[in-house]
Amino acid sequence: MSFNNLDTLYRQVIMDHYKNPRNRGQIEGDSVTIDMNNPTCGDRIQLQMQVEDGVVQDAKFEGEGCSISMSSASMMTQAIKGKSLEQAVKMSRAFSEMMLGKEIDTEGLDMEDIEALQGVSKFPARIKCATLAWKAMEKGAQQD
Amino acid sequence: MDVKAIKEQFPILNQEVNGHPLVYLDSSATSQKPLSVIEAVNTYYREDNSNVHRGVHTLGTRATDKYEGAREKVREFINARSTAEIIFTRGTTTAINLVATSYGRANLKPGDEIVITPMEHHSNIIPWQQAAKATGATLKYIPLQSDGTITLEAVRETVTANTKIVAMTQVSNVLGTINPIKEVAQIAHAHGAVMLVDGAQGAPHLKVDVADLDCDFYAFSAHKMCGPTGIGVLYGKKELLENMEPIEFGGEMIDFVNLYDSTWKELPWKFEGGTPIIAGAIGLAAAIDFLNEIGNETILDHEQKLADYAMKQLRTIDGISIYGPEKRAGLVTFNLDDVHPHDTATALDAEGIAVRAGHHCAQPLMKWLDVTATARASFYLYNTEEDIDLLVNGLLKTKEYFGNVF
């Protein structure tokens with residue numbers, strides 16, 4: 001593997017989300033708030049979701065971490081907005097499968113930019129970075 | 001010191017990672033193992049394996065002789081007075097927990113103080129937090145100087161007549177700071193406190209002389225000093241250990257067992273409940289032989305030269321932050337501007353270079369440094385200046401790569 005292979009991990013779209021994160025900030029008013037960290041590395045995320053009738057109206061995050069964890073949070077919040085919690089959890093499961101290197105059927109899931117993270121599965125040490133935001137979302141879905 | 005010849009004794013270092021020769025710069029996390037250690041463990045399992053202190057048969061005697069021989073080897077290595085003062089544990093963490101639980105809970109009461117520093121590894125923080133919570137004692141921190149060192153004035157201002165325990169790392173696993181243990185122990189003793197030393201990063205590199213340091217407890221792990229994982233040592237002064245209760249009960253550690261009450265074996269075995277880590281102790285003894293043959297002064301000198309060289313070379317990189325004091329043990333902790341240390345470590349790994357990235361089990365220190373994570377390159381006797389050149393080259397490529405993808 002050489003530096004060129006890093007491109008499988010650091011796709012342009014990932015770096016774009018890292019540099020220009022979508023939905024970074026806090027939600028005014030009622031929301032579900034979940035704090036989660038990755039104790040092995042110190043990455044942390046605070047995710048807020050505004051849910052009405054089981055549908056995610058808004059999602060925002062704050063946090064500190066590497067390009068993979070922060071871009072994943074950005075993409076995740078973008079993807080779940082307007083989706084039902086049920087669908088969001090389905091996406092999260094599909095994402096976990098994707099991290100295990102499995103082929104996933106994304107039809108009807110509307111994964112948007114998220115598939116750019118597929119390369120993470122080739123870097124086992126980084127999978128937890130990518131799944132942090134999704135785990136926070138699943139926890140929040142249970143709380144709602 | 002013939003580094004090339006030394007390196008040849010570490011078979012793991014002779015491999016390619018991601019198409020590049022492996023450059024292992026993570027020895028502070030765990031060191032690699034020389035052939036002699038691998039062979040010692042291998043031979044034990046192939047030829048001598050048996051339980052210790054019970055078999056009447058020949059293998060039992062051989063295993064016991066090797067296990068207790070390892071204890072004597074450790075005694076000599078740290079200059080303890082007696083093998084009664086050498087307790088085998090699972091590692092540094094278990095050793096500190098043993099003191100915090102057994103000595104701590106029996107000797108601490110509300111109003112008493114435990115004194116530590118912000119540069120401790122979690123394994124020398126959390127056992128004391130728990131002991132403080134269980135006994136009502138207070139946990140206090142000696143403040144650090146801006147370069148990540150402590151001064152004896154700060155120690156004197158923090159340690160009081162109420163202090164019962166001072167616990168401090170000999171070498172910081174993040175900053176590389178070498179602490180003045182002997183002087184701190186004198187201050188602790190002047191106030192009637194006992195001194196525990198976390199030697200996890202000390203024993204692999206420094207000459208450890210517990211008699212000279214006059215510390216009361218010294219804890220270290222084999223795996224950071226060329227030995228196997230899963231074995232470490234708690235040294236304790238005999239008069240203290242004798243008055244401490246075991247915290248693990250069962251086989252091996254008993255004298256008489258009655259229906260409702262039992263008595264313990266003498267030191268050190270009363271603290272070694274269950275079948276001990278026999279192969280681990282034998283591997284540790286082989287590691288000590290290996291290090292002794294080279295000599296710890298030679299090893300430390302080599303590592304400090306590497307650290308100096310690394311500081312000099314790393315400073316040539318624009319936008320690098322280096323943490324910790326000028327005079328340091330063989331490690332350098334750093335960050336590149338605008339590149340998260342995880343991304344740095346992944347990029348270096350693509351070049352076959354292994355460094356640590358994260359909080360290094362020192363979250364309070366990360367907070368003090370005002371960073372969430374850092375990258376760390378740590379050196380041992382098998383590393384060379386060429387390894388550091390490759391690191392610097394890898395970091396320059398990393399900077400360029402992340403500069404371009406943005």
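What share of the 406 residues of chain B count as buried? In this predicted model, the figure for chain B is 52%.

**Chain B overall**

- Chain B has 14 helices and 17 strands.
- Its radius of gyration is 22 Å, close to the 22 Å that the globule rule gives for 406 residues, so chain B is as compact as a globular protein of that length.
- Take the contacts in chain B with a separation of 6 or more: 71% of them link residues 24 or more positions apart.

- Where the two meet, domain 1 of chain B puts in 24 residues and domain 2 of chain B puts in 27 residues.
- On the domain 1 side of that contact, α11, β14 and α13 of chain B each bring at least two residues, and α11(B) gives the most, with six residues.
- Sorted by class, that domain 1 side has 12 nonpolar, eight polar and four charged residues.

**A four-stranded sheet in chain B**

- Chain B has an open, antiparallel sheet of four strands, in the order β13-β14-β17-β16.
- At the edges sit β13 (320–323) and β16 (356–358) of chain B, each pairing on one side only.
- From one strand to the next, the twist averages 30°.
- Helix α11 (residues 296–314) of chain B packs on this sheet and touches β13, β14 (331–336) and β17 of chain B. The direction of α11(B) makes about 15° with that of β14(B).
- β16(B) and β17 (residues 374–378) of chain B run antiparallel and are joined by three bridges. If you want a spot to look at, B:G358 stands opposite B:T374 in β17(B).

**Where chain B meets chain A**

- The contact brings together 18 residues of chain B and 20 residues of chain A.
- On the chain B side, α12 (341–350), α13 (363–369) and α14 (385–405) each supply at least two residues.
- The largest share of that side, five residues, comes from α12(B).
- By class, the chain B side has seven nonpolar, nine polar and two charged residues.

**A three-stranded sheet in chain A**

- Over in chain A, three strands make an open, antiparallel sheet in the order β1-β2-β3.
- β1 (32–38) and β3 (55–64) of chain A are the edge strands, each with a single partner strand, so one side of each has no neighbour in the sheet.
- The twist here averages 20° from one strand to the next.
- Nine bridges pair β2 (residues 43–52) of chain A with β3(A) in the antiparallel sense. Within this sheet, A:L47 stands opposite A:F61 in β3(A).
- Helix α3 (residues 67–80) of chain A packs on the sheet, touching β2 and β3 of chain A, with its direction at about 170° to that of β3(A).
- Helix α5 (residues 127–143) of chain A packs on the sheet as well, touching β1, β2 and β3 of chain A. The direction of α5(A) makes about 150° with that of β1(A).

Methods: Residues are numbered from 1 along each chain as its sequence is written. Chains are lettered from A and ligands numbered from 1 in the order in which they are written. This is a predicted model: local features need pLDDT of at least 70, side-chain atom pairs count only at pLDDT 80 or more; totals for chains, interfaces and linings use all residues. Two strands pair if DSSP finds at least two bridges between them. Axes are lines fitted to C-alpha atoms, for helices over the stretch in contact, and angles run from 0 to 180 degrees between N-to-C directions. Two residues are in contact if their C-beta atoms, placed from the backbone, lie within 7 Å. Ala, Val, Leu, Ile, Met, Phe, Trp, Tyr, Cys and Pro count as nonpolar, Asp, Glu, Lys and Arg as charged, and the others, Gly among them, as polar. The radius of gyration is taken over C-alpha atoms; the globule rule is 2.2 Å times the number of residues to the power 0.38. A residue is buried if 20 or more other C-beta atoms lie within 10 Å of its own, exposed if 12 or fewer, and partly exposed in between; C-beta atoms are placed from the backbone.
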